[in-house]
Amino acid sequence: MSAIRNDWTIQEIQEIYHSSLLELVFRAASVHRQYNDTAEVQVCTLLSIKTGGCSEDCAYCPQAARYNTGVEVQPLMKKEEVLAYAQKAKDAGSTRFCMGAAWREVRDNRDFDRVLDMVRGVNEMGMEVCCTLGMLTPSQAQKLADAGLYAYNHNLDTSKEHYSEIISTRTYEDRLSTLENVRKAGVTVCCGGIIGLGETHNDRINMLHTLSTMPEHPESVPINALVAIAGTPLEHNSKVDTWDMVRMIATARILMPATMVRLSAGRTEMSVAEQALCFMAGANSIFAGDKLLTTPNPSFEEDDAMFKLLGLMPRVAFKEEKEYRAEMIS
Ligand code: SAM
Ligand code: DTB
Ligand code: SF4
């Protein structure tokens, strides 16, 4: 088995990314079967627990207050409602539940205490709990860890070079420092990006370079295709080509063999055959449920039919911890 590397060079990544498509998919599929059970796909459900009205200017985002996108602002949901939704997701086969809030950053206030309570509740249900709440200080990351948070999602979105074209209200450095705070608190890192923002191939390669040369690879890397939203500055961007999605997923898989690579936003625009190519190329996680945060996603039923057709199975919760414990006992 080839070793996990954190010293990839830009040139090596360029060579992989630009290799001929079928060779690239074959190589990624080979790496994938060395490190992972290729029949297994992690099913993660998202819930927007606080929607819209965000002060940031992320050019892709339906929840930024400054764009007229028609998203209805909703205050923080009640714990009982969130737990009921998590139970529904669990019953439908999800093992990870991710709560998203349209916040620039977490503030130390009562809303944060309520989120900590939700984290405890979902954790007690036996699901892997994830949150995406914006920037975190070290002590906020620690509080989330103490409440039982399993993963924190905080995307780099694009390359350092392209970042200021997309967001001006925070910096790439801000993003990286939150990721460091999450890592130090012992919470697993979920960090990826979006394609279709008007970036070049080199921007995608540079983002993958940043991710794959972190001292520890993120445990999960979501690859989103831009969902172009009317009212945002990117509303007229052209639809992401599925081949680009496949190329991105395959390259991520080769660079970060043991990471969960998530085929994220954009699945409603993809046929089952196109999604199958992404699984071939090493994607092993999806968001399930008919809504992402504010935009549509395939239904549980459609995904169930796709899993049956492709012979895929949902990954069990806390798999790594369970295997580790089993090894310690034997
Ligand atoms: N406010 C927090 C933050 O920005 O980290 C958490 C929620 S934010 C909506 C989470 C992620 O959703 C973003 O980093 C971005 O990658 C993704 N996202 C948002 N709008 C999107 C869109 N229109 N298409 C694809 N991905 C999108
Ligand atoms: C991620 O990388 N993609 C998800 C999750 N992490 C939070 C969000 C996608 C959002 C798509 C636009 C929406 O539904 O609002
Ligand atoms: Fe959207 Fe998050 Fe940016 Fe706010 S910080 S505009 S919720 S992506």
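Mentor: Gladly! Let's begin with Asp111, which is partly exposed because its relative accessibility is 28%. Buried means under 20% relative accessible area, exposed over 50%, and partly exposed in between, with a 1.4 Å probe and protein chains only. Before we go on, this is a predicted model, in which local features need pLDDT of at least 70, side-chain atom pairs count only at pLDDT 80 or more, and totals for chains, interfaces and linings use all residues. Residues are numbered from 1 along each chain as its sequence is written, chains are lettered from A and ligands numbered from 1 in the order in which they are written, and side-chain values use heavy atoms, leaving out hydrogens and water.

Trainee: Which residue forms a salt bridge with Asp111?

Mentor: A salt bridge is a side-chain nitrogen of Lys or Arg within 4 Å of a carboxyl oxygen of Asp or Glu. Here the partner is Arg114, with the closest N and O atoms 3.4 Å apart. Arg114 is partly exposed too, at 35% relative accessibility. Helices (H or I, at least four residues) and strands (E, at least two) are DSSP runs, numbered from the N terminus.

Trainee: How many salt bridges are there by this rule?

Mentor: The count is 19. One of them joins Asp304 to Lys308, with 3.0 Å between the closest N and O atoms. Both residues sit in helix α11, 4 residues apart, about one turn of the helix. Asp304 is partly exposed at 41% relative accessible area, while Lys308 is exposed at 64%. Salt bridges with shared partners also link Glu56, Arg104, Glu105, Arg107 and Arg170 into one network.

Trainee: What parts does the salt bridge between Arg96 and Glu128 tie together?

Mentor: In that pair, the closest N and O atoms are 3.0 Å apart. Arg96 belongs to strand β2 (residues 96-101) and Glu128 to strand β3 (residues 128-132), so the bridge ties together parts 32 residues apart in sequence. Arg96 and Glu128 are both buried.

Trainee: Is strand β7 largely enclosed or open?

Mentor: First, the general idea: in a regular strand the side chains alternate between the two faces of the sheet. In β7 (residues 220-225), 6 of the 6 residues are buried, so the strand is largely enclosed by the rest of the structure. Ser220, Pro222 and Asn224 point one way, and Val221, Ile223 and Ala225 the other way.

Trainee: Which strands pair with β7?

Mentor: Two strands pair if DSSP finds at least two bridges between them. Strand β6 (residues 193-195) runs parallel to β7, joined by 3 bridges, and Gly193 has Ile223 as its bridge partner. Strand β8 (residues 260-263) also pairs with β7 in the parallel sense, over 4 bridges, and Ile223 stands opposite Leu263 there. From β7 the chain crosses through helix α9 (residues 242-255) to β8, a right-handed β-α-β crossover. Right-handed means that, with the strands pointing away from the viewer, the path from the first strand over the helix to the second runs clockwise.

Trainee: How many disulfides are there?

Mentor: A disulfide is a pair of cysteine sulfur atoms within 2.5 Å, and by this rule the count is 0. For Cys44, the nearest cysteine sulfur belongs to Cys98, 5.5 Å away. Cys44 is buried, at 1% relative accessibility.
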